[in-house]
Amino acid sequence: MTSSLFLSIPARAAGTVLAIGLWIGAPGAISAQSGAAAEVHAFTGAHIIPIDGPEIENGTLVIENGRIRAVGVADDVRIPRNAELHDMAGRVIMPGLVDTHSHIGEVEGADRSGPIQPDVRVMDSINPRDAGIQKAQTGGVTTANIMSGSGHLLSGQTIYVKLRDVDVIDDLMIRDAAGNWMGGIKMANGTNPRGNAPFPGTRAKAAALVRAEFIKAQEYRDKMDAAGDDASKRPARDLGLEALVDVLEGRKVVHHHTHRHDDVLTVLRLSDEFGFRVVLHHVSDAWKVADEIAAAGAAVSLISVDSPGGKLEARDNHFKSGGVLEKAGVLTGFHTDDGITDSRFFTRQAALAVRAGMSREGALYGLTMAGAIMLDLDERIGSLTPGKDADFIVMSGDPLSVYTHVAQTWVDGQLVFDRSRDEDRTVATGGYGASFDQADFEHLLKREAGQ
Amino acid sequence: MKGYMNRTHPGVAACIAALFLFAQPAATSAQQLAIRGDIVHTMAGPAIENGVVLTENGKITAVGVAGNIDIPDSFDIVHGAVVTPGLVDAHTVVGLAGYLNQPHDQDQVERSAPVQPELRAIDAYNPREALVEWVRGFGVTTMHTGHGPGVLVSGQTMIVKTIGNDVAEAVLDPATMVAVTLGNGARASGGKSPGSRSKMIAMLRAELIKAQEYAEKQENAEEGKEPARNLRMDAFAQVLSGDMRLLVTVERANDILTVLRLADEFGIDIVLDSAAEAYLVAEQIKAAGVPVITHPTMARHGGERENATFEAASRLRDAGIAFALQSGFEAYVPKTRVILFEAGVAAANGLTFDEALASITINAARLLRIDNRVGSIEVGKDADLALYDGDPFEYTTHAVGVVIDGQLVSQEVR
């Protein structure tokens, strides 16, 4: 394999951070987003699960200007005098959850005009006031990869967002060091993208169409390179091929919907052939081809459903995939696929994997750091490491217990969900109006009035 | 009214009686089984620490503290950290709906006509369907299954145990309710009826009036001059007589009130199903004395369920309404829900542990009127039990054993 590598991540019993994204063009740390809190907060008395090290009893977390400043045992952490104190006795604090595959925001992608549409950007379709975004906040999701659907071989450019309390898409985006918005490419194989021409009717046709498109992108790239600074020699600009060149060059990750074992191997083969980095999504048959996935260095984002089936390709979907992949050494995370499962039950994905053999450490890592790596955000989020963004959640108990609720969600040092507030609680539990899109008129009026 | 079918249609009555005969537990089980539990939730009194349940010939013969009950040498012994009654799923389509979700294994809805109460669940139930084994592995021993939501009147439901190689071995009650859907789920496409809410009710009203007239003619006709037999009218007549209840799948508050009005008009027994907005009209439901089989706790909050809440069950509890939980119906992945998981999330959202467990055991059995057979661990009841290695509701606990009619049918750790 060439650059399509996700390093396998051993269990971090030693507490060492081994998460290294081996990326071409991996972004560096970014300056804090505008609007980050200027104040200092200290959270004391909590059971802290930092992910980058062992769990901490009676821990203290200090955040400053939207970043994590210090984490540790109470005795070892100095609380700044100007800090606002939050007594978190009996609570559990862990990094904000990273949902690597979500459809919140009423997202749309490609239309039915063709099976491969890399020029389509889902950011142009997202409703940032969608109630689904608020619900995801109540489930502890702080970062999400919002994607278009699986009815195409390639349905568009995805977008990585932070679930901040905002009104416009620009404020949801995550930008890299150069200021570019971040996202991947959504692809799919198996039965979902099938259809009448120009959609593929068979699996081999699907692979052939993808192969042909990537070859076009290679030629486009080569022509661009050959033209160098001579604009007159450049081919006409093609936004779709441009996006595929980003994939070929490793600047964008392919997020690939796939279920059946043979379809998984097809993805790995194409990834090898064209050298693109890939995260395999859903992967109902992951437990059958874990060794092959490990050998290819691909990452897997899993979803477990309460019963097998619902479609032919998911007939062998099983909670055990997480444990099997972990043992094989595959970087393994989870997703909600919201609305397939509700973002408010995201932690349940990890818990069901533990039920069927995954380690607790691996499952919690899968909800946080593994996703951060898959989204090229591991230097910014995914663990409570000083210097990282202050994205974390406060829980009422153990994250893997059914009885536990998310009490608070913080993004960039801002409290975006607080279960003790009535209106927030309604979004968390459901109830009348919970699914109405956010309509923060008061907020808008204040802005209009210049307050 | 109840006797009219026996007089006029001995054939039907005999057929149904025969099915009830099949429903008796296979008398083959001479098995003697003792179930020990660190905690036994009998649902017929306080939980018993270090409890023992003796079962013989398919029935429970003794329940108590280990010290008070001798386990005869002839008994096999199984152990679980936590023992509960076998779980009762108050509404599902498992066995009619198969897990592959392909046309050949989907028999829960017939779309050729909007009103077909004559469709019997026993004619479609597949006891070898993989989903039956799947839910049984988590402790489900009894299911109220059958025709599902999706058309105005989709057919009949039945109650089965999750065992048996043919429907006769599985069935506990062959004809339980007639499934009705109101609201957007029942809207027909392509200009066909029903195309609106009021049309749905108009159609139901017309059918029930016809059935009243049919039953009356049957009752009053001279020997040999009864009107021609009409299976559809037979089914509605059974609803009017109380032999079958209407199971009305409905979400919105206004639709709930509409169906309460219809039930009152015809004096029929109904059960509200799903009922996402029941909490908005809890007073009226309580006043009508109608029970609710509430939607799965984790049901997706979209469409007519946009106002659903994870606290649905506890709100019904607060209102004093009889309720049970269900795994429901799913059109897509996941193909079925597991009632154990739904109860667990209800326990995390306002129900106590005991209330949540009751909603999938004794209270579900009461709602289905089968509590003389199942739903609690009591002497004389069917020996249906579920064994777990911890709190059954915890995500990370495993089901470790399932007993149905005194037979250990699963020991898979799931």
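**Figure 1. Chain B splits into two domains.** In this predicted model, domain 1 of chain B is built from two stretches, 31–85 and 375–414, while domain 2 covers 87–370. Where they touch, domain 1 of chain B puts in 17 residues and domain 2 of chain B puts in 23.

**Figure 2. A look at the domain 1 side of that contact in chain B.** Which elements give two or more residues to the side of domain 1 of chain B that touches domain 2 of chain B? They are three strands of chain B: S4 (76–85), S15 (399–404) and S16 (407–410). S15(B) supplies the largest share of this side, with 3 residues. Sort the residues on the domain 1 side by class and you get 9 nonpolar, 5 polar and 3 charged.

**Figure 3. An open sheet in chain B.** Seven strands of chain B line up here in the order S3-S2-S1-S4-S14-S15-S16, and the pairing is mixed. Strand S3 (59–65) and S16 of chain B sit at the edges; each has a single partner strand, so one side of each has no neighbour in the sheet. On average, neighbouring strands in this sheet are turned by 35° against each other, if you ignore direction. As a reminder, strands of a sheet pair through backbone hydrogen bonds, and they can do so parallel or antiparallel.

**Figure 4. Zooming in on S2 and S3 of chain B.** Strand S2 (residues 48–56) of chain B runs antiparallel to S3(B), and the two pair over 6 bridges. To find one spot in this pairing, look for Leu54(B): its bridge partner in S3(B) is Ala62(B).

**Figure 5. Two helices of chain B cross.** Helix H5 (residues 197–220) and helix H6 (residues 231–241) of chain B have axes that come within 9 Å and cross at roughly 90°. Because of that angle, H5(B) counts as roughly perpendicular to H6(B). From H5(B), the residues making the contact include Leu208(B), Ala211(B) and Tyr214(B). H6(B) answers with Met233(B), Phe236(B), Ala237(B) and Leu240(B). By class, the contact between H5(B) and H6(B) has 8 nonpolar, 1 polar and 2 charged residues.

**Figure 6. Chain A meets chain B.** How many residues does each chain bring to the contact? Chain A brings 29 and chain B brings 35. On the chain A side, helix H8 (residues 346–355) of chain A gives the largest share, 5 residues. The side of chain A that touches chain B divides into 14 nonpolar, 9 polar and 6 charged residues.

**Figure 7. Strand S5 of chain A and two of its partners.** With strand S1 (residues 40–48) of chain A, strand S5 (residues 92–95) of chain A pairs in the parallel sense over 2 bridges. Here Ile48(A) stands opposite Ile93(A) of S5(A). With strand S15 (residues 392–395) of chain A, S5(A) pairs in the antiparallel sense over 4 bridges. In that pairing, Val92(A) stands opposite Met395(A) of S15(A).

**Figure 8. A loop residue in chain A.** Find Arg112(A) in the loop that runs between strand S6 (97–102) and helix H1 (131–138) of chain A. Is Arg112(A) buried or exposed? Arg112(A) counts as exposed, because it has 11 C-beta neighbours inside 10 Å, and the cut-off for exposed is 12 or fewer. Now hop to Phe417(A), 305 residues away along the chain: the C-alpha atoms of Arg112(A) and Phe417(A) are separated by 38 Å.

Methods: Residues numbered from 1 in each chain as written. Chains lettered and ligands numbered in written order. Predicted model: local features only at pLDDT ≥ 70, side-chain atom pairs only at ≥ 80, totals over all residues. Domains from an automatic or database assignment. Contact = placed C-beta atoms within 7 Å. Nonpolar A, V, L, I, M, F, W, Y, C, P; charged D, E, K, R; others polar. Buried ≥ 20, exposed ≤ 12 C-beta atoms within 10 Å, placed from the backbone. Axes fitted to C-alpha atoms, helices over the stretch in contact; angles between N-to-C directions. Parallel < 35°, antiparallel > 145°, perpendicular 65-115°, else oblique. Pairing = 2+ DSSP bridges.
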